[in-house]
Amino acid sequence: MQTIAEYLPQHPFFAGLPEPLVALVAGCAVNVHFHPGQHLFHEGEPADTFYVIRHGRVSLEVHAPAGSPVVVDSAHADDVVGWSWLVPPYRWLFDARATEETSAIAFDGACLRDKCDTDPAVGYAMLQRVVQVMSTRLHSARIRLLDVYGAPV
Amino acid sequence: MTAVAGAGSRAARPRDPFLPRPFVVRRHRQDTRDTWTLVLEPVDGVPMPFAAGQFTMMQAFGAGEAPISISGDPARPAVLEHTIRNVGAVTRALVHAAPGAELGIRGPFGTGWEVSSGRGGDVVFVAGGIGLAPLRPAVLEVCADRASYGRVLLLYGARTPEDILFGDDLRRWAADHAVDVQVTVDNGQHAWQGRVGLVTQLVERGGFDAVNTLALVCGPEVMMRYAAMALRARGVPPARLRLSMERNMKCGVGLCGHCQLREYFLCVDGPVLTYDVLEPLMARAEL
Ligand SMILES: Cc1cc2nc3c(=O)[nH]c(=O)nc-3n(C[C@H](O)[C@H](O)[C@H](O)COP(=O)(O)OP(=O)(O)OC[C@H]3O[C@@H](n4cnc5c(N)ncnc54)[C@H](O)[C@@H]3O)c2cc1C
Ligand code: FES
């Protein structure tokens, strides 16, 4: 298996990140594995991790006031999960649960924040990428508000 | 654009396009909570050849007529399949037509997907909701001639897992015909283990050779607009991107003007049109 530093440049999230910066952020990362049903994190808990999915599937869930949780999005190979590590008060807004065998790279949020604070080049590069993910999710949430499959064909 | 060459057969068509041919409902299957598939046979026994993507005007005697796409296999013109979502008076009467009931059929009408023009390249089907029904004949056509195509992707978005159509077909196309079937839902409960998100996200993930891809899109208009934008952004040429435009129709033969989209009569020039024609029209709110 490739080392984290070897793998990261191939991941779309890190595409274009200069090699020394990749090596720097890789220093905050470890490989993790989740079985189906296992949680990556729970809503309200401290958001101290950021996940890059290598294989598998993760569902992002919200607890509705009544009834079972609603899956609001899912993440797959080549996706990333979590930006709460970057935004105070650093608490998860969702539950994340593996629905398949899932391999991921977990970044220590405090370590990453530290690197971002110390080196503005790292901070800007990470922010650009995280904002891109947030923008995509916001856009998709807005389109889904239109109930695109609801109207008669 | 003109009607697909070879679509329909002069022998099988009544001379008067306004005169419905009687068909008998042979089978009646509930697919989802609001959608049914009817399998019909012509009372006179004469098959009704059709091109994938064409539609008929279906008449429930006494209730009225509605344009409905053909969802069956073009290689089996002896039976006519229609998949209908119950949204109003006519469709309610159609979906409740039990085996043995007689319905009137006019057609087939309109342009087809012209799937064979994609031979030698990849094919991407993008379906939203019941939009999978008009694409089904095209998928069957590709599966029947699978070796002529490269990668084949079927990207399907439904509202909820319960709204997913043709589950058995989806599994068979994936297992027997190497179709890369990817399904996503807008709204999944805890038990749903699959993808949640928009069908456009599946397009963005790629997995096809965009410039050499034939992309066929069918679903509600707003879904098609975003899907077409995502396919264009990946590099699919507008002339190789086709959408089925299902606006209001009455006569089906280019006379009444109900289906007009600027200079196009969608019943004869469409419903399948290429995106180079549609792009400037779809952005205009008043059309
Ligand atoms: C070329 C073409 C192919 C179609 N293929 C299928 C198909 O395979 N399966 C299927 O279930 N439906 C299909 N439709 C849509 C179907 O024709 C309409 O849902 C039907 O005409 C509604 O009639 P109704 O009397 O039951 O409902 P109505 O009482 O007339 O209307 C109920 C709702 O449907 C909407 N509606 C009415 N007519 C249309 C229309 N022509 N197009 C879109 N929305 C409409 C109304 O705005 C209203 O919201 C197709 C439409 C076209 C133009
Ligand atoms: S439906 Fe009458 S002109 Fe098209």
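Student: Are B:Asp168 and B:Arg171 buried or exposed?
Tutor: Buried means under 20% relative accessible area, exposed over 50%, partly exposed in between (1.4 Å probe, protein chains only). This is a predicted model: local features need pLDDT of at least 70, side-chain atom pairs need pLDDT 80 or more, and totals for chains, interfaces and linings use all residues, while side-chain values use heavy atoms, without hydrogens or water. Residues count from 1 along each chain as its sequence is written; chains are lettered from A and ligands numbered from 1 in written order. Both B:Asp168 and B:Arg171 are exposed.

Student: In which helix do B:Asp168 and B:Arg171 lie?
Tutor: Their side chains meet in a salt bridge, 2.9 Å from N to O. That term means a side-chain nitrogen of Lys or Arg within 4 Å of a carboxyl oxygen of Asp or Glu. Helices (H or I, at least four residues) and strands (E, at least two) are DSSP runs, numbered from the N terminus. The two residues are 3 apart, about one turn, in chain B's helix α3 (residues 167–177).

Student: Which residues does the network of salt bridges around B:Asp169 join?
Tutor: B:Asp169 and B:Arg172 pair at 2.5 Å, N to O. B:Arg172 is partly exposed at 38%, whereas B:Asp169 is buried at 7%. Shared partners make one network of B:Glu81, B:Arg136, B:Asp169 and B:Arg172.

Student: How many residues apart in sequence are the parts that B:Arg21 and B:Asp44 tie together?
Tutor: The two side chains form a salt bridge of 3.0 Å, N to O. B:Arg21 is in strand β1 (21–32) and B:Asp44 in the loop between β2 (35–42) and β3 (55–60) of chain B, so the parts tied together are apart by 23 residues.

Student: Which backbone lies 2.6 Å from an oxygen atom of ligand 1?
Tutor: Ligand 1 lies between chains A and B. One of its nitrogen atoms is 2.9 Å from a polar backbone atom of B:Thr83; a polar contact is a pair of N or O atoms within 3.5 Å. The 2.6 Å oxygen distance goes to a polar backbone atom of B:Arg85.

Student: Over which residues of chain B does pLDDT stay under 50?
Tutor: pLDDT is the predictor's confidence in each residue, from 0 to 100. Chain B averages 91, and 93% of its residues score at least 70. Where pLDDT is low, predicted coordinates should not be read in detail. In chain B, the stretch under 50 is residues 1–11.

Technical notes. Contact = heavy atoms within 4.5 Å. Near = heavy atom within 4 Å. Polar contact = N/O pair within 3.5 Å; in protein donor to acceptor, adjacent residues only side chain to side chain.
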